[in-house]
There are 2 protein chains.
Amino acid sequence: MPSHLARRFHQICLGATAEVLEPAGLTPGEFGLLAAVQDLPDLEQRGLARALGIDAVTAGHMIDRLEAAGLLQRRVDPSDRRARLLSATAQGAVLRERLRPAALEAQERIMAALTSEERHTFLDLLTRIVETNQSYARPGNGRRHPRRSRAPGKE
Amino acid sequence: MPSHLARRFHQICLGATAEVLEPAGLTPGEFGLLAAVQDLPDLEQRGLARALGIDAVTAGHMIDRLEAAGLLQRRVDPSDRRARLLSATAQGAVLRERLRPAALEAQERIMAALTSEERHTFLDLLTRIVETNQSYARPGNGRRHPRRSRAPGKE
DNA sequence: TATTGTTATACTCTATAACTATA
DNA sequence: TATAGTTATAGAGTATAACAATA
């Protein structure tokens, strides 16, 4: 039961934010990543992915799209030339600020059924649930790939 | 902020249930559909999809897989031969009962941080949020496809 | 050897569009 | 005309595996 409610709740949040982000051509995930890059600047990709609870490959793809759109940029970390430090461009910062009010309004619409005290309680409880289950950073709807070891030659 | 929490919460629920469902070869979505078919028997595909908040195409694909696995079956509705009525097979019913305790335990583990009173409050508030936002049955992470009208001949 | 990021591949879930069979 | 279901196609998000560059 909670699982189904979790899915619907997420679905509702996605739908409501996708709606207001659509004119700007951003998905909710992309907007979240852009916002995170501004709030936690000069983080490398893996650190950002960890902070958002997404895997490094997905983060890489999202960053590709945001970089191509001119909203953020990668910079080689001078102290570890494998890592890429992320920062929003001026354009990205402006867009984020422009979209922020509508995104907040969308969230408030979703919570409109609750009094402000209930909202506070709800977010507090939800935060505790999420924080005590950090180990499930691994999402993944998909069936696990059965690792069919296709190392060439080794067979 | 609620949006991010919603995503993590859903992610946690998926991870926890996927874990216990994995040995049976079911995804959380498939298990949810199988359970729904048992709880709402002889519903047509579209009605079931609506009840679950998923679209009819996805439901069709999931049903394909569950039918191929011998867990449920389609039956042509005699009163409307377009519709397919769904029901679990004996095998599907047994599997659902077998998996149910582990699935419930997984959910309880997730809520372990809350007292039973807090759990009740949380689920009540979450239920109200979901119920007052039924209109967002349309999930969709994806960017809307820009309908590039490829009707043949009409160009 | 281990880690950061990338590329290739695969799969779920979602979507739109076009189709078939029915109503 | 409209609806139930299917098939084809596409994109987001996730995953694993293998690789190059760097540590």
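Analyst: The model is a predicted one, and everything below is computed from it.

The contact takes 56 residues from chain A, and 56 residues from chain B. Between them the two chains bury about 5300 Å². Carbon and sulfur atoms account for 61% of that area.

The polar side of the contact can be counted as well. There are 17 residue pairs in polar contact between chain A and chain B, counting pairs with both residues at pLDDT 80 or more. On chain A, the elements that give two or more residues to the side touching chain B are α1 (2-21), α2 (28-39), α3 (45-52), α5 (90-110) and α6 (116-131). Of these, α1(A) supplies the largest share, 18 residues. Sorted by class, this side of chain A holds 28 nonpolar, 16 polar and 12 charged residues.

Two salt bridges run between chain A and chain B. In one salt bridge across the contact, the side chain of A:Glu118 meets that of B:Arg128, at 3.0 Å from N to O.

Counted over all chains, there are 16 salt bridges. Some of them lie within a single chain. In chain A, A:Glu67 and A:Arg74 form a salt bridge whose closest N and O atoms are 3.1 Å apart. A:Glu67 has 31% relative accessibility and therefore counts as partly exposed. A:Arg74 also counts as partly exposed, because its relative accessibility is 25%.

In chain B, B:Glu67 forms a salt bridge with B:Arg74, and here the closest N and O atoms are 3.2 Å apart. B:Glu67 is partly exposed, with a relative accessible area of 32%. B:Arg74 is partly exposed, with a relative accessible area of 24%. Back in chain A, salt bridges with shared partners join A:Asp64, A:Glu67 and A:Arg74 into one network.

Another salt bridge in chain B pairs B:Arg96 with B:Asp39, with 3.3 Å between the closest N and O atoms. This pair links distant parts of the chain: B:Arg96 sits in helix α5 (residues 90-110) of chain B and B:Asp39 in helix α2 (residues 28-39) of chain B, 57 residues apart. The two partners have unlike surroundings by accessibility. B:Arg96 is buried, at a relative accessible area of 6%, whereas B:Asp39 counts as exposed, at 51% relative accessibility.

A:Asp42 lies in the loop between α2 and β1 (43-44) of chain A. A:Asp42 has a positive phi of about 60°, although it is not a glycine. Most residues other than glycine have a negative phi. With 40% relative accessibility, A:Asp42 counts as partly exposed. In chain B, B:Asp42 lies in the loop between α2 and β1. B:Asp42 has a positive phi of about 60° and is not a glycine. B:Asp42 is partly exposed, with a relative accessible area of 40%.

The pairings can be followed strand by strand. Two bridges join β1(B) to β3(B), and the two strands run antiparallel. B:Glu44 stands opposite B:Leu85 in β3(B). B:Val76 stands opposite B:Arg84 in β3(B), and B:Asp77 has B:Asp80 as its bridge partner in β3(B). β2(B) and β3(B) form a hairpin, with two residues between them.

To return to the request: the contact takes 56 residues from each of the two chains, with α1(A) giving the largest share of the chain A side, and two salt bridges cross between the chains.

Definitions and conventions: Residues are numbered from 1 along each chain as its sequence is written. Chains are lettered from A and ligands numbered from 1 in the order in which they are written. This is a predicted model: local features need pLDDT of at least 70, side-chain atom pairs count only at pLDDT 80 or more; totals for chains, interfaces and linings use all residues. Side-chain values use heavy atoms; hydrogens and water are left out. Contact means heavy atoms within 4.5 Å. Buried area is the accessible area (1.4 Å probe) that two parts lose on being put together, summed over both. A salt bridge is a side-chain nitrogen of Lys or Arg within 4 Å of a carboxyl oxygen of Asp or Glu. A polar contact is a pair of N or O atoms within 3.5 Å; within protein, one must be able to donate a hydrogen and the other to accept it, and residues adjacent in sequence count only if both atoms are side-chain atoms. Helices (H or I, at least four residues) and strands (E, at least two) are DSSP runs, numbered from the N terminus. Ala, Val, Leu, Ile, Met, Phe, Trp, Tyr, Cys and Pro count as nonpolar, Asp, Glu, Lys and Arg as charged, and the others, Gly among them, as polar. Two strands pair if DSSP finds at least two bridges between them. Buried means under 20% relative accessible area, exposed over 50%, partly exposed in between (1.4 Å probe, protein chains only).
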